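Please keep the sequence and the structure in view while reading.

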Amino acid sequence: MKGIVINVQKGLYRVRSTDTKEEMDCTLRGKLFNQSRTTKTLVVVGDYVEFLPVVGGRGVITSIEERKSKLVRKGAGKRGVHLEQIIAANIDQAILVFAVREPKYNKNLIERYIVSAKHGGIEPILCFNKIDLVNSLEILEDIEEYQHVGYKTLLTSTVTKEGIEKLKSLLKGKTSVFAGSSGVGKSSLVNAVFEEEKARTNSVSSSHYKGRHTTTSSQVYELPFGGRIIDVPGMREFGVIDNGSGIDGAFQDIIELSEKCRFRDCKHINEPGCAVKEAVESGILEERRYKNYIKLRGR
Ligand SMILES: Nc1nc2c(ncn2[C@@H]2O[C@H](COP(=O)(O)OP(=O)(O)OP(=O)(O)O)[C@@H](O)[C@H]2O)c(=O)[nH]1
Ligand SMILES: [Zn+2]
């Protein structure tokens, strides 16, 4: 049977059947179990697996599908070495939540979050929440900049419910995570999605999003209209990992500009004929964005 791992705790993997939606606690079959002793993240939340029921309502995982994407976090390794820790698999998109006020978003941080998402092969969606607290004209220019670079953006309010329908349409049929600093409204948004649905269908989803991290393990919530949300504790640190490979994906505008640099290996710092620096000087490329790119690349 095929299923998705929805929770991992102390060597027990809770698997939900893809067909019947039934859930079962599983262990790993011998060979996988041995592998799991050396590979800490052999099976994580979001992994698709083959499993078989055994006695006592338990099951055994017999194989793990290759991951389409992974969510990584910097873990503390031995002697201060930083290890990449995989915390969830097969996520299609990250709803990167920022507040337009209380606390107002920081553009460098937004870029760091985008780099983290791209690094894991996850599509970033920029969600600007608490739009009820400002005149949207105030932030229009910033939003347009992000759209111009090609990021999907969204304006929401959990107070007026603006943008919640759009959010639902983006979540539909996809596996998503919500990430963002403390207090930006991640829990409120997820709750708003479920409540809107409840109001419409008059039924409560069996796996209602609790919105609070009472445990330290990740949880998978099925959306009543198709798709799922993976709730991963610690998503506030999402944007602070240093992960080089996501940078090109996050700064496609700069990569495009650099094709016009005189030198193929231009570092865009002080080379002659640098199209990137020229774009900064002529105001096409925001200087802050350029500096943040150089900084993230250099780490
Ligand atoms: N005005 C306004 N306030 C909001 C909105 N969304 C959330 N809030 C408020 O912002 C505060 C933080 O919201 P949460 O949903 O707890 O934020 P969070 O991102 O889940 O925070 P952590 O759990 O700390 O990571 C709460 O007081 C909410 O009521 C909004 O759209 N507009
Ligand atoms: Zn250059």
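Glu102 is found in the loop between strand 8 and helix 2, where helices (H or I, at least four residues) and strands (E, at least two) are DSSP runs numbered from the N terminus. At 54% relative accessibility, Glu102 counts as exposed; exposed means over 50% relative accessible area, buried under 20% and partly exposed in between, with a 1.4 Å probe and protein chains only. Although Glu102 is not a glycine, its phi is positive, at about 55 degrees. The peptide bond from Glu102 to Pro103 is cis, with omega near 0 degrees, and Pro103 has its place in the loop between strand 8 (93–99) and helix 2.

## Basis of the model

This is a predicted model, in which local features need pLDDT of at least 70 and side-chain atom pairs count only at pLDDT 80 or more, while totals for chains, interfaces and linings use all residues. Residues are numbered from 1 along each chain as its sequence is written, chains are lettered from A and ligands numbered from 1 in the order in which they are written, and side-chain values use heavy atoms, with hydrogens and water left out.

## The chain as a whole

The secondary structure of the protein chain comes to nine helices and 13 strands, and buried residues make up 47% of its 299 residues. Of the contacts in the chain with a separation of 6 or more, 63% are between residues 24 or more positions apart, a contact being heavy atoms within 4.5 Å.

## The zinc site

The zinc ion (ligand 2) is coordinated at 2.1 to 2.4 Å by Cys261 (SG), Cys266 (SG), His268 (ND1) and Cys274 (SG); donors are N, O and S atoms within 2.8 Å of the metal (3.2 Å for Na, K and Ca), and sites may look incomplete because water is not among the atoms. In sequence, the spacing of these donor residues is C-x4-C-x1-H-x5-C. The arrangement around the zinc ion (ligand 2) is tetrahedral because the four donor atoms subtend angles of 103 to 115 degrees, and four donors count as tetrahedral if all angles lie between 85 and 135 degrees.

Both Cys261 and Cys266 are buried, and His268 is buried as well, with a relative accessible area of 6%. His268 is found in the loop between helix 7 and helix 8 and has a positive phi, near 60 degrees, in a residue other than glycine. Lys260 also lies in the loop between helix 7 and helix 8, but Lys260 is exposed, with a relative accessible area of 65%. Leaving aside neighbours within four places in sequence, Lys260 is in contact with Gly273 and Ala275.

## Helix 9

Helix 9 (residues 287–298) has twelve residues, which at 1.5 Å a residue should span 16 Å, and its end C-alpha atoms are 17 Å apart, which agrees; the expected span is 1.5 Å times one less than the number of residues. Its buried residues are Arg289, Tyr290, Asn292, Tyr293, Ile294 and Leu296. These buried residues pack against helix 2 (107–119), helix 3 (137–149), helix 6 (247–250), helix 7 (252–258) and helix 8 (275–281).

Notes:
Four donors count as tetrahedral if all angles lie between 85 and 135 degrees; four count as square planar and six as octahedral if opposite donors are over 155 degrees apart and all others between 65 and 115; anything else is irregular.
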